[in-house]
Amino acid sequence: MREAPPHDTEAMLRENAARRARLLAPVNPITGEGEPLERHTLVLPDYDIEVQHVPLAAANTPLFQELERHGSIGRFVQDYLRPQSGEEARLFTEQTRDLIERVRMGHDFPFWAAAYAYIQNKQPGPDVTLSPNHPQRKLVAALEGMRLRGEPIRLVILKARQWGGSTLVQMYMAWLQLTQRRGLNSIIVAQVGDIAAGIKAKYQRMLERYPTRLLHPPGEAFKADEVKFHSVMGSHSMHTIPQRGCYVKIGSAESPNSVRGENYALVHGSEVGLWKGKDGTTDEEIAKAVTSGVLLEPMTMIVYESTAKGVANFFHSEWCAAVAGTSQFKPFFVSWHEIEQYSLPLKDPREFADRLLRERNSREARNSREDSGEYRWWLWEQGATLEGVNWYVEERRKCSSHEFMASEYPTDPEEAFTHSGRQVFSLSGVERLRPTCRPAGLTGELYGERQDGEQALRSIRFTPDETGALEVWEEPEQDDPQEPIADRYLVVADVGRGLSDKADYSVIAVLDRLMMMDDPEGRPQIVAQWRGRTDMDLLAWKAAQIASWYNNALLVVESNTLETTGGISRQIRDSTPFVLSMIAEAYPNLYARQQSAEDIRQGLPRKYGFHTNAKTKGEVVDFLVWAVRESRYIERDERMLSELLTYETTDRGGYAAPPGCHDDILMTRAIGLYVCYRQQPRPRIARPGDILATITHSLSEASI
């Protein structure tokens, strides 16, 4: 976890100097100074590079150990190789110098790239070699870390703009093919054919300048005019590197058939967030087609890289799985403030730091082309230099909205994915909920004498089970019989549509309102949550069990799904209108909508559950926006934060989770917090007139 930044000007200036020193530290890929990986210094006075900082893997080779022991190439040749003539000494010296170069480049990607990997110069002029910048060195460290540990290389790269992530991946893949192992076949898949052709041109440009001798083993004869990138049967998409016994294939997502059925060891997916086949093939189907033959073993590589293109796609789901640690892949992100060029000198750093400090709690922006002081302070908290924040402030003046700036220059992954212009919840508000999120202390299930009916509420017991759907952060506290507390707990259930894997999850959330009892600023907190899939009637009884366990809490069941019939089996469809009425007979502390005078006059039955329609949904979500912005409750589940960050406004002015995302946890908070603050009485010591655990609450949705 990042340490809190200093809160006084002098300390800020010292911290800023340290950040600048790290960002702008001197680096020389030829000597190895400042490059990633742990390194060892080798001094050879008679070599072209007198002082080399080589990776430990190179330093530990027999050649480098002998060179270090002898102290120079000349003494190594004379004392170790023992030439018999001057000509033999000259030959041995040339061979040794060649071997030094080969061993170094086989263990030191930045050295190889800076010496031999020619790329197009962004400035007018001839091609230049690739000298990795700060973000690229960070990526090299991630890739090499997996390779050196003997792991398959699996990475999901979420990109900011203009730091060369795609180029670095492409050259690293070439390095594996040209220096590590023969026969490593590769494929590069872009979103469209034109971009794929451009990627092929980069690879071809690099090979044209690459020394032919380095494609052959030491001492093997070669011809200076050898073809190094040969089209297979005139193909524009597949080329061989005959000296290395491998091929390089270029494909595009818009033509899925171009990526199928080959023996790939190395896969580079470019701009995966934009993948879509012309024939309707999905991004996930394209990814499976191209990676299905890649073995799970060392010296294989799959890298998906993309800028964030929304959340309803394969790339976002792979990123989330990588972050959660549930896939083979590791996540990799570079913030704009880690890119050296995004910095603007300050005339008076002290005055700028003072201003950041003074305005750090201001949530209002002066105009549409500025961000709030709170947001600028957040940039500093995330690790930006003062010069970086200054650049961001000036660059922001080009943009009429924060969303555009954040999507182009994201500070963190959440900002990258959420700023599509439709987001509902403020990033800063969501982030303020994060510190209290943590894994639940208990996981398991509640059981009664039966799954449903009155007996479901008898002999309720908690059974620990790692596969259970109930997570408990705090168990229910039993009331003092002498001073029982009324209206302490609140249970809210959002009902999904059954057992199908495609159905929404059902969620039951428990809020503890104790801190609201005596403190006007006290906040409710999430203390338990059930999330899973089950039949709708059983879910309602499960909610009643949880409410009963939590001291007969007020139970609020979102009733839309129970009151509709679409997509439900006939047996359940016929029974669901009565489920809540049946629960009310067994569990009296059940939320019911207030009856109108006309309903009472006609003797209509009471309607149990919270009915969400266009009006009530908009108003409870609006209330949640306030609660998140003002930090008016304590969250425990990080999945809630993901739902907040992906929640969007719709074209018709409503709210919804985009395809592939969920809002089931979110709706329990929206309804629960509305009822908690606007409808349910504050917790209190029960008065003699209170009938705890037997009173049916009739709280009015009409008051919303």
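**Exercises on a predicted model**

By class, 12 nonpolar, 19 polar and 9 charged residues line the second largest pocket. Here Ala, Val, Leu, Ile, Met, Phe, Trp, Tyr, Cys and Pro count as nonpolar, Asp, Glu, Lys and Arg as charged, and the others, Gly among them, as polar. The model is predicted: local features need pLDDT of at least 70, side-chain atom pairs count only at pLDDT 80 or more, and totals for chains, interfaces and linings use all residues. Residues are numbered from 1 along each chain as its sequence is written, and side-chain values use heavy atoms, with hydrogens and water left out.

**Exercise 1.** Find the residues nearest the centre of the second largest pocket.

*Solution.* Start with the term: on a 1 Å grid over the protein atoms alone, a pocket is an open set of points where a 1.4 Å probe fits, with protein on both sides within 12 Å along at least five of seven lines; lining residues have an atom within 4 Å of a point. Next, take the 40 lining residues. Finally, pick out K122, Q162, G164, T167 and K202, which lie nearest the centre.

**Exercise 2.** Explain why helix α6 is largely enclosed by the rest of the structure.

*Solution.* First, locate α6 at residues 109–116; helices are DSSP runs (H or I, at least four residues), strands likewise (E, at least two), numbered from the N terminus. Then list its buried residues (under 20% relative accessible area, 1.4 Å probe, protein chains only): F109, P110, F111, W112, A113, A114 and Y116. The helix α6 is largely enclosed because 7 of its 8 residues are buried.

**Exercise 3.** Which residue of β19 stands opposite I508?

*Solution.* Strands β18 (506–512) and β19 (525–532) run antiparallel, joined by 7 bridges; two strands pair if DSSP finds at least two bridges between them. Across from I508 you will find W530.

Key:
Buried means under 20% relative accessible area, exposed over 50%, partly exposed in between (1.4 Å probe, protein chains only).
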